[in-house]
Structure formats: C-alpha cells, structure tokens
Amino acid sequence: MALLFHSKIKRNDWWREELSKKVPGLEVRFYPDIGDPDDIEFALCFAMPHGVLGKLKNLKAVFSLGAGVDHIFEDPDYPRHVPIARVVDPELTDRMSEYVLQHVLNHHRYQHLYDEQQRKQVWKEKHAPAARNRKVGILGLGALGTGSAETLRKMNFDVAGWSRSPKSIDGVTTFHGPKQLDAFLARTEILVCLLPLTDETTGILNKDLFQKLPEGAALINPGRGPHLNEQELIDALDSGHLSAATLDVFHTEPLPAESPLWNHPRVRVTPHVASIASPGRVTELAAKNIELARAGKPLLNQVDPDKGY
Ligand code: NAP
C-alpha cells in the first residue's frame with residue numbers, strides 16, 4: 001500500500017514519519033519518485049502536476065493538503081470516479097477567522113488612511129462608527145466563512161453572509177443564491193470573499209459586483225486569486241468607488257514584481273498566508289480516510305465533484 005505525496009513545502013522526512021506512524025504498513029513516496037505507479041492507492045497533495053493522478057490506475061482516494069480542492073479539479077486528467085477529501089479543521093478555521101478579523105478591523109478603523117497620512121506627516125482624525133453600525137458581508141458561509149462570521153459577531157459587527165443554499169447562523173443575516181446577491185452587496189461596507197474556486201465563482205469579484213457595493217466599500221480576498229479581476233479592482237480603487245483592499249491570493253503566486261498591486265497605496269498584499277492546516281491534523285485525517293476508503297466507506301469531508309467543492 002503506497003501513498004504519493006506532493007507539496008510546495010519540503011519536509012519529506014517529517015511527513016513520512018508521521019504517516020507511517022499513523023498508518024502501519026503505508027509506504028510514502030514523494031513526487032516525482034513515483035516508483036511503480038500501480039502500487040499507489042492514495043495521494044496527499046497540493047497542486048500535483050497535471051496528468052499524474054490520472055495515470056495511477058489503483059488510486060482509491062485523493063486527500064487535499066488544504067481546505068480548497070480547485071488545485072485537483074483543475075487537472076483535466078483527474079479521474080472523476082476517485083473520491084476527494086479536503087481539510088476541515090478548527091485550527092484552520094481559527095487562523096482564517098484571525099486573518100479576517102485583523103483586516104476587517106484595519107478597514108473599519110481606516111488604517112490605510114493613517115498609513116498614508118503618517119508617510120506625509122499629516123495629523124487628521126476620521127472616527128470609525130461603532131462596530132455594531134459597520135456592515136460586514138462574507139461571500140461563502142462554509143467552514144471558514146461561518147467561523148469568521150462568528151468571530152466578527154463577538155466584536156459586535158453587523159454581519160451578513162451569502163451562500164448557495166439557505167443558512168441559519170445566530171446573529172448573522174443570511175442571503176443565498178444569485179437572486180439575493182444584489183441585496184447582500186447593497187448592505188456590505190466591508191466584503192470578505194471565502195468562496196471556493198469553481199466555474200461559477202471564477203471572476204465573481206469584478207466591476208459589476210463592485211458597482212453594487214456602497215461607495216467607499218473595502219474588499220478582503222483570502223479566497224483564491226482567480227475570484228478577482230485584478231485590473232477591475234484597481235480601476236474601482238482609482239475611481240474612488242472602493243476605498244481599499246487586502247489581498248492574500250493572486251492569479252499568479254508569488255505576485256510578479258511588475259504587478260501594480262504591490263505599490264498601490266490602498267492595497268495591502270499578504271503572501272497567501274491567511275490560514276494553513278496543521279500537518280498533525282492533516283495526517284490524522286488522511287489516516288482516518290485511508291481506513292474508510294479501504295473499507296469502501298465515504299470519506300470524512302468528501303467533496304462533491306458536481307459542485308466542485
Ligand atoms: P466550504 O466549507 O466548502 O464553504 C464554501 C461556501 O461557499 C459554502 O457556504 C457554499 O455554499 C458557498 N458557495 C460555493 N459556491 C457558491 C456559489 N456558486 N454561490 C454562492 N455560494 C457558494 O469551504 P471553506 O472550507 O469555508 O473554504 C473556502 C475557501 O477558502 C477554500 O475553497 C479556499 O479557496 C479558501 N482558503 C484560503 C486559504 C488562504 O490561506 N488564503 C486557506 C484555506 C482556504 P453552500 O454552503 O450552500 O454549499
């Protein structure tokens with residue numbers, strides 16, 4: 001029984017030791033050292049090069065190293081009959097909630113304005129409303145969106161969320177489906193994108209959506225780079241319609257040196273660090289899912305290939 005591993009972060013000995021401890025008899029191979037492809041029953045990966053998974057004819061399940069699975073579905077040769085599991089984990093949710101809270105507070109308290117004023121030695125007050133009068137909207141009310149909404153509620157922000165299906169979350173105004181998107185946007189002063197990347201959500205953060213936000217709204221995108229039309233964001237900032245943006249994810253990562261986002265005075269860039277799953281938890285979930293897959297049972301946190309998340 002062998003598992004093929006691929007990640008951008010190289011800690012091969014650690015992963016081998018942890019996985020072998022938790023799954024006795026499991027041989028861990030690291031891409032590109034696949035060995036005999038017929039031995040491989042499982043893959044644990046982030047951004048496995050396209051075409052590799054499709055060549056593993058005894059593959060029983062694929063485990064994403066993170067919450068997102070777009071990196072698997074975007075492989076045109078991905079074998080669709082093989083189940084995929086993703087990471088859902090309280091620590092991952094806590095880290096994302098911290099990121100969202102940190103940057104909602106920055107926008108709520110006009111930090112970009114004070115950064116600019118400090119560079120020019122300008123002393124000029126702009127007081128923020130109380131949190132209860134600040135409307136924050138979260139696109140996506142899954143594990144991370146719900147956790148972030150609950151954290152913001154604890155700070156008394158006026159929080160709303162938008163999802164595909166109806167939701168009920170204590171103290172959070174909920175909207176769902178394309179028909180309710182405009183009403184959600186019209187009341188959102190700080191917009192947070194925590195959608196998965198699918199055909200339906202690619203490019204959702206575009207000029208039409210920005211126009212539906214109130215003047216002066218801010219954007220936080222820790223979802224995925226292709227959710228955002230970067231040029232249309234810059235246009236919306238330059239026209240003054242949007243006040244500022246915080247971006248953690250980009251079309252191309254690392255963000256290319258020539259990107260105008262690096263030096264835009266009202267854009268804050270973070271290098272795809274909003275949240276990460278703890279390796280201990282990832283190996284625990286993989287071990288449990290290997291047991292389930294071998295028993296022919298559904299996986300924990302199994303994704304729906306038709307929905308794409
Ligand atoms: P999740 O539990 O699958 O939740 C996704 C949410 O989006 C659900 O509420 C879903 O609605 C909603 N949604 C999906 N498609 C929609 C559509 N077409 N219209 C309206 N709502 C839609 O995902 P998660 O665990 O919260 O993670 C969300 C994303 O965060 C990941 O996919 C990944 O891209 C990103 N992420 C980023 C980082 C980072 O460091 N930057 C780290 C981890 C994750 P339903 O509930 O009705 O299905």
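Are R224 and D70 buried or exposed? R224 is buried, and so is D70. Buried means under 20% relative accessible area, exposed over 50%, and partly exposed in between (1.4 Å probe, protein chains only).

This is a predicted model: local features need pLDDT of at least 70, side-chain atom pairs count only at pLDDT 80 or more, and totals for chains, interfaces and linings use all residues. Residues are numbered from 1 along each chain as its sequence is written, and side-chain values use heavy atoms, with hydrogens and water left out.

**Two domains**

The protein is divided into domain 1 (2-89 + 277-294) and domain 2 (90-269). These bounds come from an automatic or database domain assignment. The domain centres, taken over C-alpha atoms, are separated by 32 Å. At the interface, 10 residues of domain 1 are in contact with nine residues of domain 2. Contact means heavy atoms within 4.5 Å.

The size of an interface is often given as the accessible area lost when the parts come together. Here the area buried between domain 1 and domain 2 is about 800 Å². Carbon and sulfur atoms give 48% of that area. Buried area is the accessible area (1.4 Å probe) that two parts lose on being put together, summed over both. On the domain 1 side, D70, D89 and S278 lose the most area to domain 2, together 57% of what that side buries.

**Salt bridges**

The structure holds 21 salt bridges. The rule asks for a side-chain nitrogen of Lys or Arg within 4 Å of a carboxyl oxygen of Asp or Glu. It finds one salt bridge across the interface of domain 1 and domain 2. E18, K21 and K22 are linked in a network of salt bridges. Three pairs are tabulated below.

| Pair | Closest N to O |
|---|---|
| R224 and D70 | 3.1 Å |
| D38 and K57 | 2.9 Å |

R224 lies in the loop between β10 and α8, and D70 in helix α2 (residues 70-73), so this pair ties together parts that are 154 residues apart in sequence. R281 sits in helix α9 (residues 279-294) and D89 in the loop between β5 and α3, so they tie together parts 192 residues apart in sequence. R281 is partly exposed, at 26% relative accessible area. D89 counts as buried, at 4%. D38 is partly exposed, at 32%, and K57 is exposed, at 63%.

Helices (H or I, at least four residues) and strands (E, at least two) are DSSP runs, numbered from the N terminus.

**The sheet**

Seven strands form an open sheet with parallel pairing, in the order β8-β7-β6-β9-β10-β11-β12. Two strands pair if DSSP finds at least two bridges between them. The edge strands, each pairing on one side only, are β8 (173-176) and β12 (267-269). From one strand to the next, the twist averages 15°. Strands β6 (residues 135-139) and β7 (residues 158-163) pair over five bridges. K135 has D158 in β7 as its bridge partner.

Helix α3 (residues 90-108) packs on the sheet, and its direction makes about 160° with that of β10. Axes are lines fitted to C-alpha atoms, for helices over the stretch in contact, and angles run from 0 to 180 degrees between N-to-C directions. Helix α8 (residues 230-238) also packs on the sheet, touching β10, β11 and β12.

N106 lies in helix α3. N106 counts as buried, at 19% relative accessibility.
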